Amino acid sequence: MNRLLLLLLCLILAACASSPEAMPGRFVERSVQVDGATHRYQVFVPSQAAYRGAPALVLFLHGSGERGSDNRKQLDAGLGPYLKRHRRDFPALVVLPQVPDEEEWTDTNARVALAAQAATLAEFKADPARVYLTGISMGGYGTWDVALLAPERFAALAPVCGAVHPPRPQRPSLRVTQVDGVADPYVAIATRLGGTPIWMFHGGQDDVVAPTDDRRLAAAFEAAGHPVRYTEYPHGNHNVWDATYADPAMWAWLFDQRRP
C-alpha cells in the first residue's frame, strides 16, 4: 500500500511539473516577410503562471554588438540575459528582432521590428493596450525611430543610453532618421510623442554615447508640457541597461502603462 501511495504521489508531482503553468518561459524562433525577404527573430514566451489574462508585449531593440544574421546574438546583451535569469517570473512576451551587420534600426529594419511585433501580438493573443518598446545604445536610437513610425502602437517607451545625433563622425548612420532635416529634432520628437509615457535612462559618464541628447530631449518634453521620466546614473558608463532592467520599479511603471 505504501508503495502504491508513493507511486501515485510521484505521478501527481510529475504531472504538475509538466503542466503548462509550471513550465518556465522559453525562447522560440519566428520569421516575418518584409519586402519579399524573410527576417528571423526571437520571441520570449512567458510561463503561463507568470501572468493573468492576455499577456503584455515588449519589443526589444539590441545594440551594435549584437548585429548579425544568426538570430541568436540579440539575446546576449540587454534584455536577453535578464529574461534567461527570470524565465519563471517575467510576465510578458518579448519580441527580439536582429539587425544585419553594419546596419541600423532604420528603414527596413524598423519595419521588420514592427512587423515582428504585430505578428507576435496576433499569434500569442497579447494585450494590444499593453505593448511597450525599449532598446539599448543603437537600440535606444531605434526606440525613437520605431516609435515615430508607429506611435499609436506603444503604451510606453524606455530608451536606454540612446541619442538623436550620431555619437561620433565615424558613425554618421547612427541617428534618429525620422527627424532628419528638422530644424529642432528634440522639439519635433517631443511634439510627436508627447502623449506617450516615456522613461529614459543614461549613464552620466557614458563615453560611447554621451548623455547630452537625452538631457536635451528631457528638457524639450518638459518645455512642451509633456514631462518624461529621466534617470541618469551619475557614475554609470555606457552599460546602464543591466541596472535598468534589474530595477523592479522600472518594470512596475512600464507594465502599469496602458493605451486607451
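These legends walk through several close-up views of one predicted model.

**A few ground rules.** Because the model is predicted, local features need pLDDT of at least 70 and side-chain atom pairs count only at pLDDT 80 or more, while totals for chains, interfaces and linings use all residues. Residues are numbered from 1 along each chain as its sequence is written, and side-chain values use heavy atoms, with hydrogens and water left out.

View 1. Helices and strands here are DSSP runs numbered from the N terminus (helices are H or I, at least four residues; strands are E, at least two). Strands β1 and β2 run antiparallel and pair over 9 bridges; strands count as paired if DSSP finds at least two bridges between them. Look for V32, which sits opposite H39 in β2. The two strands make a hairpin with 2 residues between them. D35 is in the loop between β1 and β2, and its phi is positive, about 55°, although D35 is not a glycine. With a relative accessibility of 58%, D35 counts as exposed; buried means under 20% relative accessible area, exposed over 50%, and partly exposed in between (1.4 Å probe, protein chains only).

View 2. The structure holds 7 salt bridges, each a side-chain nitrogen of Lys or Arg within 4 Å of a carboxyl oxygen of Asp or Glu. One of them joins the side chains of E29 and R40, at 3.8 Å from N to O. Because E29 lies in β1 (residues 26-34) and R40 in β2 (residues 37-45), this pair ties together parts that are 11 residues apart in sequence. E29 is partly exposed at 42% relative accessibility, and R40 is partly exposed at 39%. Another salt bridge links E123 to R30, with the closest N and O atoms 2.8 Å apart. That pair connects distant parts of the chain, since E123 is in helix α3 (residues 107-123) and R30 is in β1, 93 residues apart. E123 is partly exposed, with a relative accessible area of 38%, and R30 is partly exposed too, at 28%.

**View 3. T143, tucked into α4.** T143 has its place in helix α4 (residues 138-149). At 0% relative accessibility, T143 counts as buried. Setting aside neighbours within four places in sequence, T143 is in contact with L61, L133, T134, G135, L157 and P159; contact means heavy atoms within 4.5 Å. L157 is 14 residues from T143 along the chain, and the C-alpha atoms of the two are separated by 7.3 Å. Also shown is S137, found in the loop between β5 (131-136) and α4. S137 has a positive phi of about 55° although it is not a glycine, and S137 is buried, with a relative accessible area of 10%.

**View 4. The largest nonpolar core.** In soluble globular proteins, nonpolar side chains tend to be buried together. A nonpolar core here is a set of buried Ala, Val, Leu, Ile, Met, Phe, Trp, Tyr and Cys residues joined through side-chain atoms within 4.5 Å. The largest one has 48 residues, and those with the most contacts inside it are W144, I189, L193 and F221. Helix α4 gives the most to this core, with 6 residues. Another core, of 31 residues, lies apart from it, and its members include F60, L79, V240 and W241.

**View 5. Helix α5 and its neighbours.** Helix α5 (residues 185-192) has P185, Y186, A188, I189 and A190 as its buried residues. These pack against α4 and α6 (212-223). Not counting residues up to four places away in sequence, I189 touches W144, L148, V164, V176, V179, G194, L217 and F221. D184 caps the N-terminal end of α5, with a side-chain oxygen 3.1 Å from the backbone nitrogen of Y186.

**View 6. Two charged residues of α6.** D214 lies in helix α6. D214 is buried yet has no salt bridge, and the nearest side chain of opposite charge, R215, is 8.6 Å away; Lys and Arg count as positive and Asp and Glu as negative, while His and the chain ends are not counted. The side chain of D214 makes a polar contact with the side chain of H202, at 2.8 Å. A polar contact is a pair of N or O atoms within 3.5 Å; within protein, one must be able to donate a hydrogen and the other to accept it, and residues adjacent in sequence count only if both atoms are side-chain atoms. As for R215, its side chain meets that of E232 in a salt bridge (2.8 Å, N to O). This pair links distant parts of the chain, with E232 in strand β8 (residues 229-233) and R215 in α6, 17 residues apart.
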